[in-house]
Amino acid sequence: MPGPRRSRRRLTTALAGFGLLLTGAALQIGTGAPAHAATTHRILFDNAHAETAGNADWIISTSQPDPLGQDSTPSAETDWTGALSSWGVALQKAGGYSQKTLPSGSSLSYGGSSATDLSNFDTLVLPEPNTMFTSAEKTAIMNFVKNGGGLFMISDHTGADRNNDGYDAVEIFNDLMSNNSVDSTDPFGFSVDTLSIGSDHPAAISDSTDPVLHGAFGTVTKSLIASGTTATLKPADNPAVKGLLYRTGYSGNTGAFFATSAFGSGRVAFWGDSSPIDDGTGQSGNTLYDGWNDSTATNAPLALNATAWLAGSGTTGGGGGGGGTCTAAQLLGNSGFESGATTWTASSGVITNDTGEAARTGSYKAWLNGYGSAHTDTLAQTVTVPAGCTRADLGFYLHVDTDETTTSTAYDTLKVQVLDSGGTVLSTLATYSNLNAASGWTRRAFSLAGYAGQTVTVKFTGTEGSTLPTSFVIDDTALDVG
């Protein structure tokens, strides 16, 4: 029998958390990027419309178009340079996302041959543009969305003309929606308000099924306004429009701080302020505000869930959309383990409220290994991914403790796998080890959209093979489909 588990340990060297583990013929990177992701969501961040003018620095990295040129395995927001670096790094660490930036001096196009043409992407992020889109660019954007692309529109308050050219993001977005060659009759069902709201904490509506508010990256409760605006919704023009977070004292069709909609086969998201996506770090000389890490709001889950939802509108960047129907839902039972050893199939003692390792939320978590002797623990749940779902995002939080001191050898491992109904491994999403030990929790996410219409088992297998203990602790799981 294995001996008693050790209490919590914290690794002091950051290098151990980002080692490489060679398993068979596949090279697994310690950030948890899947070796065989079912779907890669391709995101294009715009920097061709003065997104760094004035004090703004709305870029994920100074390496453009490819942020991996700055750091191919980022682990912290400062590994990439830009006020949106936390957003980009979070997606990179989650796995299943490919990110590029449209550099300054470029133009948005759709149907062309360039590497940054919108036909090569699933989602376009417009983080507070400060120059007007040309007629050709507006046609490209609208056709991209109409044909299945995702569009993320992030505004700022009226008068935020950072480059002093006479236009701010409010005017630019309203012009896009009302003066284009594709559909100028209120295509998204909302308009941006000409307002400058000093401060507020807009609250989320009560809707446990909404994939943006309750997605793979966490639950959204509040955002923040640090000089921003809202939108007026017009469901008579587009019944798909939906307000998700509202300015204090507002509801219904007025005061929507965050809204979603649809156009053609594509999806649209609107956010009324750029401060929530600002992580407070960027190029020197800018005055930035750390809204991303603001503890009074849940801006990071909102940005990341919305990115996942937008990218799920299609798998081919403007040609997507799956067959059949899909109701947005979270499929895993007892996802936070608070009901104890129910729903999951687990080794004895894995689902526990033992205080030797703290849960991320609540009292219970899944604690695999940690004995310091040869031992294997498993944790599994079988689910059916509905046919027609273009998004099926598996997410969980992982904390790894170890007494190992090596920075090069993976003695103890945790495999994350997808199995078919007969128990055959369909995919090994990631392999973690004692080399991934770190002091906090890290969110891991993978797309299972490729298994739509199938019944599969999500399985975690922890194998401890040395005389020193390593604990793999899992909490707050989710499998969100839509």
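In helix H1, the buried residues are Ser85, Ser86, Trp87, Gly88, Val89, Leu91, Gln92, Lys93 and Ala94. The model is a predicted one. Of the 10 residues of H1, 9 are buried, so the helix is largely enclosed by the rest of the structure. The buried residues of H1 pack against strands and a helix. The strands are S3, S4 (97-102), S5 (123-127), S6 and S25 (442-447). The helix is H4. Just after H1, Gly95 adopts a positive phi of about 85°.

Two packed helices are described by the angle between their axes and the distance between the axes. H1 spans residues 85-94 and H4 spans residues 299-311. Their axes lie 11 Å apart, and the packing angle is about 55°. H1 is therefore oblique to H4. The crossing of H1 past H4 is right-handed. On the H1 side, the contact is made by Trp87, Ala90 and Leu91. On the H4 side, Ala303, Leu304 and Thr307 take part. By class, this contact holds 5 nonpolar residues and 1 polar residue, with no charged residues. Trp87 and Leu91, which meet H4, are also among the buried residues of H1.

At the level of the whole chain, the secondary structure comes to 4 helices and 27 strands. The protein chain has 482 residues, and 55% of them are buried.

The salt bridges come to 8 in number. One of them joins the side chains of Arg162 and Asp156, with an N to O distance of 3.0 Å. Asp156 has 4% relative accessibility and so counts as buried. Arg162, at 25%, counts as partly exposed. Both residues belong to a network of salt bridges that also links Glu128.

A further salt bridge pairs the side chains of Asp210 and Lys242, with N and O 2.8 Å apart. Asp210 lies in the loop between strand S9 (203-204) and strand S10 (214-215), and Lys242 is in strand S14 (residues 242-246), so the pair ties together parts that are 32 residues apart in sequence. Asp210 counts as buried because its relative accessibility is 7%. Lys242 counts as partly exposed, with a relative accessibility of 26%.

Arg391 and Asp393 form another salt bridge through their side chains, at 3.3 Å from N to O. In this pair, both Arg391 and Asp393 are buried.

Backbone geometry was examined next. Most residues other than glycine have a negative phi, and most peptide bonds are trans. Gln64 and Pro65 are joined by a cis peptide bond, with omega at about 10°. Pro65 sits in the loop between strand S3 (41-46) and H1. Ala50 is also located in the loop between S3 and H1. Ala50 is not a glycine, yet its phi is positive, at about 60°. With a relative accessible area of 22%, Ala50 is partly exposed.

Asn164 likewise is not a glycine and has a positive phi, of about 55°. This residue is placed in the loop between strand S6 (150-154) and helix H3 (169-178). At 69% relative accessibility, Asn164 counts as exposed.

Ala410 and Tyr432 are 22 residues apart along the chain, and their C-alpha atoms are separated by 8.6 Å.

Note on methods
Residues are numbered from 1 along each chain as its sequence is written. This is a predicted model: local features need pLDDT of at least 70, side-chain atom pairs count only at pLDDT 80 or more; totals for chains, interfaces and linings use all residues. Side-chain values use heavy atoms; hydrogens and water are left out. Axes are lines fitted to C-alpha atoms, for helices over the stretch in contact, and angles run from 0 to 180 degrees between N-to-C directions. Helices (H or I, at least four residues) and strands (E, at least two) are DSSP runs, numbered from the N terminus. Angles under 35 degrees count as roughly parallel, over 145 as roughly antiparallel, 65 to 115 as roughly perpendicular and the rest as oblique. A crossing is left-handed if the near helix is turned anticlockwise from the far one by less than a right angle, and right-handed if clockwise. Contact means heavy atoms within 4.5 Å. Ala, Val, Leu, Ile, Met, Phe, Trp, Tyr, Cys and Pro count as nonpolar, Asp, Glu, Lys and Arg as charged, and the others, Gly among them, as polar. A salt bridge is a side-chain nitrogen of Lys or Arg within 4 Å of a carboxyl oxygen of Asp or Glu. Buried means under 20% relative accessible area, exposed over 50%, partly exposed in between (1.4 Å probe, protein chains only).
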